[in-house]
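This briefing goes through one protein model by topic. Please look at the sequence and the structure before reading the points below.

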Amino acid sequence: MTAAAPSTASRIAVVTGASSGIGAATARQLAEAGYRVVLTARRKDRIEALEEELTAAGHSATAYALDVTDRAAVDEFASAFRTIGVLVNNAGGALGADPVATGDPQDWRRMYETNVLGTLNVTQALLPALTSSGDGTVVIVSSTAGHGTYEGGAGYVAAKHGEHILAETLRLEIVGTPVRVIEIAPGLVKTEEFALTRFGGDKEKAAKVYAGIAEPLTADDVADTITWAVTRPSHVNVDLMVVRPRAQASNTKVHRDL
């Protein structure tokens, strides 16, 4: 089955969390696939640099500084669009790896607000434009943490379970409309910031996440699966795709050469 080129009505793709990692890689690949990409993230300098890179390569890209947890700002952003074809909800992340007994409630709150409420805010705000396109796609980048648990991950796991349920429920509620809901759930992905952010900038702790794993997933690997799912013909909905490196059998079973 070949990739479907975006139609005129559905050629705009909004990517949240596009300043680095999976979001930036997805924006690059969607641009190459023919979409006009709208890059959103809090770090304006990062997305403006990516906009410049994509434009220099002959693609269409626009940077828009946005905090997905700020509903008023999200609504203002969404008001600029009459139709869009694709929304990639990628903004999110993990904070800490403490057990339930000592976990920081503020970290839990921030993870819920970014991963779940951020996804809710942007999806609600852009759903009318996605529907108006006549061929819309909502992508939710969750995690294998949304489908299983592990010690020290309860806050992140709870948030990603919430995001998974949001995707599953939305799909049920809008069936019959011209909008697909796709969930991509990556396992171990080695990016420049995910683990470092989780451990408050502690490089040693961040490195241990990937220690001994010959080939963890890359941001490009995940972006490739997102772009593949998005470019399927309109009648094909990839409900859920779990993507792990070969060395990872589950959230708690990982082969390491140490």
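Ser19 sits in the loop that links β1 (12-15) to α1; helices (H or I, at least four residues) and strands (E, at least two) are DSSP runs, numbered from the N terminus. The model is predicted, so local features need pLDDT of at least 70 and side-chain atom pairs count only at pLDDT 80 or more, while totals for chains, interfaces and linings use all residues. Residues are numbered from 1 along each chain as its sequence is written, and side-chain values use heavy atoms, with hydrogens and water left out.

- Leaving aside neighbours within four places in sequence, Ser19 is in contact with Ala24, Ala41, Arg43, Arg46 and Ile47, where contact means heavy atoms within 4.5 Å.
- Thr144 is found in the loop between β5 and α5, and it counts as buried because its relative accessibility is 4%.
- With neighbours within four places in sequence set aside, the contacts of Thr144 are Ala185, Pro186, Gly187, Val242, Arg244 and Asn251.
- Asp257 belongs to the segment after β7 and counts as exposed, because its relative accessibility is 53%.
- Between Asp257 and Gly212 there are 45 residues of separation in sequence and 4.5 Å in space, C-alpha to C-alpha.

**The sheet**

- Seven strands form an open sheet in the order β3-β2-β1-β4-β5-β6-β7, with parallel pairing; two strands pair if DSSP finds at least two bridges between them.
- β3 (61-65) and β7 are at the edges with a single partner strand each, so one side of each has no neighbour in the sheet.
- From one strand to the next, the twist averages 15° (axes are lines fitted to C-alpha atoms, for helices over the stretch in contact, and angles run from 0 to 180 degrees between N-to-C directions).
- Four bridges pair β1 with strand β2 (residues 36-41) in the parallel sense, and Val14 has Val38 as its bridge partner in β2.
- Helix α5 (residues 154-173) packs on the sheet, where it touches β4 (86-89), β5 (136-141) and β6, and its direction makes about 155° with that of β6.
- α8 also packs on the sheet, touching β4, β5, β6 and β7, and its direction makes about 160° with that of β6.
- Strand β6 (residues 179-186) and β7 run parallel and are joined by four bridges; Ala185 has Val242 as its bridge partner in β7.
- In strand β7 (residues 240-243), Met241 and Val243 form the covered face, whereas Leu240 and Val242 form the uncovered one.

**Helix pairs**

- Two packed helices are described by the angle between their axes and the distance between the axes.
- Helix α1 (residues 21-32) packs against helix α8 (residues 219-230) at an angle of about 45°, and their axes are 8 Å apart.
- α1 is therefore oblique to α8 (angles under 35 degrees count as roughly parallel, over 145 as roughly antiparallel, 65 to 115 as roughly perpendicular and the rest as oblique).
- The crossing of α1 past α8 is right-handed; a crossing is left-handed if the near helix is turned anticlockwise from the far one by less than a right angle, and right-handed if clockwise.
- On the α1 side, the residues that meet α8 are Gly21, Ile22, Ala25, Thr26, Gln29 and Leu30.
- α1 also packs with helix α2 (residues 44-56), at an angle of about 25° and with axes 11 Å apart, so α1 is roughly parallel to α2.
- In this pair, Ala24, Ala27, Arg28 and Ala31 of α1 make the contact with Leu50, Glu53 and Leu54 of α2.

**Nonpolar cores**

- The largest nonpolar core has 34 residues, of which Leu30, Val37, Leu39, Val88, Val139, Ile184 and Ile226 touch the most other members; a nonpolar core is a set of buried Ala, Val, Leu, Ile, Met, Phe, Trp, Tyr and Cys residues joined through side-chain atoms within 4.5 Å.
- Another core, of 26 residues, lies apart from it and includes Val68, Ala91, Leu126 and Leu127.

Technical notes. Buried < 20%, exposed > 50% of the residue type's maximum accessible area, 1.4 Å probe, protein only.
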